[in-house]
Amino acid sequence: MSYRIAVRALCEFAAKRGDLDLRFTPSPSAQEGIAGHQLVGERRGERYEREIALNGAYRHLEVRGRADGYDPDANRLEEIKTHRGDLSRQPANQRALHWAQAKVYGHLLCAERGLDQLTVTLVYFDIVSQRETPLSERCSAEALRAEFDAHCQAFLAWAQQELAHRRRRDRALQALRFPYAGFREGQRPLAESVYKAIHTRRWLMLQAPTGIGKTLGTLFPMLKAMPGEPLDKIFFLTARNTGQRLALDALRTLGAGQRHREIPEPEHLEPDDIGSGDIGSGDIGSGDAEPNDSRSGDSRLSEVQAVPLRVLTLTSRDKSCEHPDKACHGESCPLAAGFYDRLPAARKAAVERGWLDRAALRETALAHEICPYYLGQEMARWADVVIGDVNYWFDFHAMLYALSQQQQWRVGLLVDEAHNLVERGRGMYSATLDHAAFRRLKPTLPAPLKRPFSRVASAWRALADDSESDYRVLETLPGKLIGALQQAVSQVVEYQSEQPIALDSELQRFAFDAQHFCRVADVFGDHSICDVSPQAPRGRQRQAGARVTLRNVVPAPFLTPRFVAAQGGTLFSATLAPEAYYRDLLGVPDDAPWMSLASPFRDSQLEVRIAARLSTRYADREASLTPLADRIAAQFRACRGNYLAFFSSFAYLEQVADRLAERHPEIPIWRQASRMDDDARETFLRRFEANGEGVGFAVLGGIFGEGIDLPGDRLIGAFVATLGLPQVNPVNEQMRARLQALYGHGYDYAYFFPGMQKVVQAAGRVIRSGTDEGVIHLLDDRFARRESQALLPDWWPKPIKD
Ligand code: SF4
């Protein structure tokens with residue numbers, strides 16, 4: 001069995017040495033890179049060959065890649081690298097890596113065409129000045145082969161252990177059995193659908209209610225499909241950290257992270273046996289309808305075989321940085337100095353460990369004195385299951401997506417709480433420039449940057465002068481401002497590359513924001529709007545043109561290619577309806593089926609009441625305070641226990657909480673604050689103890705509105721005031737208008753569906769298992785309307801209107 005590797009990956013593994021160095025040197029965007037390569041190609045003669053596919057072998061290593069160009073007349077192979085800024089400041093280890101790549105291509109070309117010598121040229125193309133800097137070396141075929149062999153030799157032992165791991169992993173996954181005596185109600189069709197989707201290389205949109213055991217029910221079939229499809233990796237992506245913990249728990253239950261005992265290779269475990277046909281009971285296990293809810297206490301865990309699965313959790317840089325006061329390069333941070341020299345030993349220790357949750361990854365990195373965050377990025381290459389935020393696949397610069405493209409991995413994706421992808425996707429493809437941050441920079445700007453920044457200032461001023469003091473949507477992009485920003489970013493790069501110390505952090509942040517703004521501007525279209533608003537920091541005067549935003553409304557055009565790039569996957573959530581709304585805004589491929597699974601809960605577990613004569617509309621807020629407080633108190637007295645009360649804003653929350661405290665001071669209450677760290681969040685949740693009594697006040701769509709689990713009598717009821725509609729303001733009105741123009745459903749897409757989705761999520765906190773019972777109060781007359789009730793879960797009982 002041979003091991004395939006891309007030229008770039010081989011060189012990064014075998015030839016990268018020295019420090020990690022991530023000073024602010026914004027590399028050209030993908031589009032700029034492609035355009036740069038094209039331009040260089042166009043400057044060459046007619047016989048110039050571009051994008052030459054090459055491959056070669058060293059023992060059982062198969063090395064592949066595409067050389068950028070070959071000039072047969074000059075017998076010159078070119079490796080083109082686009083860049084910005086002063087080339088002389090390029091770190092030596094980066095240059096060495098580029099040479100290594102160019103020479104490997106050189107060897108592959110010589111071997112394929114029988115050349116005995118070749119000129120190998122690194123062409124550095126500056127995307128700003130459009131100047132080329134060629135660096136050439138005349139090489140014999142023999143010397144190139146020797147270099148190629150040396151790299152391959154360095155990788156070979158690793159490749160062998162990778163192949164052995166893959167064999168062990170796949171064998172264990174073929175033998176994997178569902179860890180419980182049976183599936184929960186609804187879990188088997190869930191698992192079958194996920195399996196079928198990946199087997200038919202499609203996406204699945206799955207609305208699966210709470211209580212089915214979604215995390216285990218999606219991971220299990222995906223793992224079962226891994227050997228047969230075959231998949232290189234599974235990425236389990238979440239929009240919130242809580243989902244990550246559940247995924248780790250499910251993987252543990254399935255046998256990952258435990259000491260592995262080698263499974264003999266019996267005849268019936270041939271690779272093609274599993275996953276080649278329809279999923280049957282032999283593929284995902286037996287389906288007696290036994291519950292596997294460990295909370296209910298009647299689950300029966302089967303004997304679980306350990307599975308040699310490498311599991312990695314990716315954590316953001318902010319959370320995993322050990323030296324937040326330092327910059328990511330060897331002169332500043334001790335964990336960046338010599339990073340690549342110590343990486344091989346750390347990498348070896350990490351794969352031996354296999355289970356790399358946040359704590360284990362940190363421990364391994366620190367034992368080898370390297371940065372945990374960047375070790376995590378490296379280990380994404382060697383892990384089987386990666387758990388991380390959705391931005392690792394869907395964002396502009398998504399690391400997992402980029403690596404998968406580069407390495408041509410076959411990837412299966414599971415996207416948890418997928419309803420969040422609409423808002424998260426919008427955030428990824430939007431950009432804002434804030435004049436207050438820009439103004440703060442001015443007095444501290446170094447001399448060489450004053451002129452480019454004053455050009456930005458005057459372009460910004462002209463934009464503000466054109467604006468009245470209120471919110472305004474621009475018909476066309478502010479070209480002058482964007483041009484000035486691009487220039488300023490280039491100058492910052494150049495300036496940075498000449499400085500021995502890191503940039504001032506405010507300047508660096510502004511430069512990153514400006515660069516992101518320019519990139520979003522590059523891909524601007526009718527999926528987005530560009531607006532200028534007078535928003536100013538609190539206490540300051542409103543200022544015309546203070547904030548310029550490229551605001552994505554429909555992330556679909558950006559997300560579709562990311563769906564297509566995976567082998568297939570499942571988007572799942574308890575609230576993924578209406579189908580058309582999510583289809584339109586997420587851009588899921590047309591052939592992706594949408595399905596909704598029935599809830600395992602009985603309508604007798606829940607009582608739903610609608611306050612059909614109460615209005616929580618903005619104009620009626622003041623009048624609603626006393627009725628709301630009294631209604632909460634009446635329910636509390638009728639059935640004492642823990643409740644959650646949700647409101648559309650902190651202001652409304654505070655008003656009702658104050659009124660309740662004033663009129664019913666004996667009822668214990670606690671409130672969500674607008675900024676809560678992890679400890680404060682935990683303290684809030686700890687108040688919901690079993691047999692406890694009181695009312696927690698929270699905001700709809702906030703950190704307690706979804707993703708929290710308070711089973712049994714930790715929570716016996718919820719109050720939801722308002723329909724959760726986003727505020728009517730100029731921005732949301734623009735979004736409505738754009739959605740109306742694109743889909744003909746402006747109000748529903750901008751206000752009604754997102755609002756009701758928050759309501760259902762919040763109310764969904766009440767019933768978490770087959771034994772929970774509770775009550776939901778929907779507090780607004782509009783909940784009594786047919787269109788609102790059509791968006792409530794099917795299994796809910798008919799609401800009582802009072
Ligand atoms: S520890 Fe922090 S500063 Fe150091 S390399 Fe890692 S992320 Fe950068």
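**Close-up views of a predicted model**

View 1. Numbering starts from 1 along each chain as its sequence is written, and side-chain values use heavy atoms, with hydrogens and water left out. As for where the ligand sits, that's the largest cavity. A cavity is a set of points on a 1 Å grid over the protein atoms alone where a 1.4 Å probe fits but cannot get out, and sitting in it takes more than half of the molecule's atoms within 2 Å of its grid points.

View 2. With a relative accessible area of 3%, Ser404 is buried (under 20%; exposed is over 50% and partly exposed is in between, using a 1.4 Å probe and protein chains only). Skip the neighbours within four places in sequence, and Ser404 is in contact with Phe235, Trp393, Trp409 and Val411 (heavy atoms within 4.5 Å). For a sense of scale, Leu742 is 338 residues from Ser404 in sequence and 32 Å away, C-alpha to C-alpha.

**View 3. Gln101 is a buried residue of helix H3.** H3 takes in residues 92-113, and Gln101 has a relative accessible area of 4%. Beyond its neighbours within four places in sequence, Gln101 has contacts with Val7, Arg8, Cys11, Glu79 and Lys81.

**View 4. Eight strands build an open parallel sheet.** Their order is S10-S9-S11-S8-S12-S17-S7-S18. At the edges are S10 (355-356) and S18 (594-596), each with a single partner strand, so one side of each has no neighbour in the sheet. Two strands pair if DSSP finds at least two bridges between them.

**View 5. Strand S7 has parallel partners in S18 and S17.** S7 (residues 203-207) is joined to S18 by 3 bridges and to S17 (residues 568-573) by 5. Leu206 faces Met595 in S18 and has Phe572 as its bridge partner in S17; Gln207 is bridged to Ser596 in S18. Because 5 of the 5 residues of S7 are buried, the strand is largely enclosed by the rest of the structure. One face carries Trp203, Met205 and Gln207, the other Leu204 and Leu206, and both faces are covered.

**View 6. Another open parallel sheet has 7 strands.** Reading across, the order is S21-S22-S20-S23-S24-S19-S25. S21 (669-671) and S25 (800-801) are the edge strands, each with a single partner, so one side of each lacks a neighbour in the sheet. Further in, 5 bridges tie S19 (residues 606-610) to S24 (residues 774-779) in parallel, with Ile610 opposite Leu778.

Key:
Predicted model: local features only at pLDDT ≥ 70, side-chain atom pairs only at ≥ 80, totals over all residues. 1 Å grid on protein atoms, 1.4 Å probe; cavity = no way out; pocket = protein on both sides within 12 Å on 5 of 7 lines; lining within 4 Å. Helix = DSSP H or I, 4+ residues; strand = E, 2+ residues; numbered from the N terminus.
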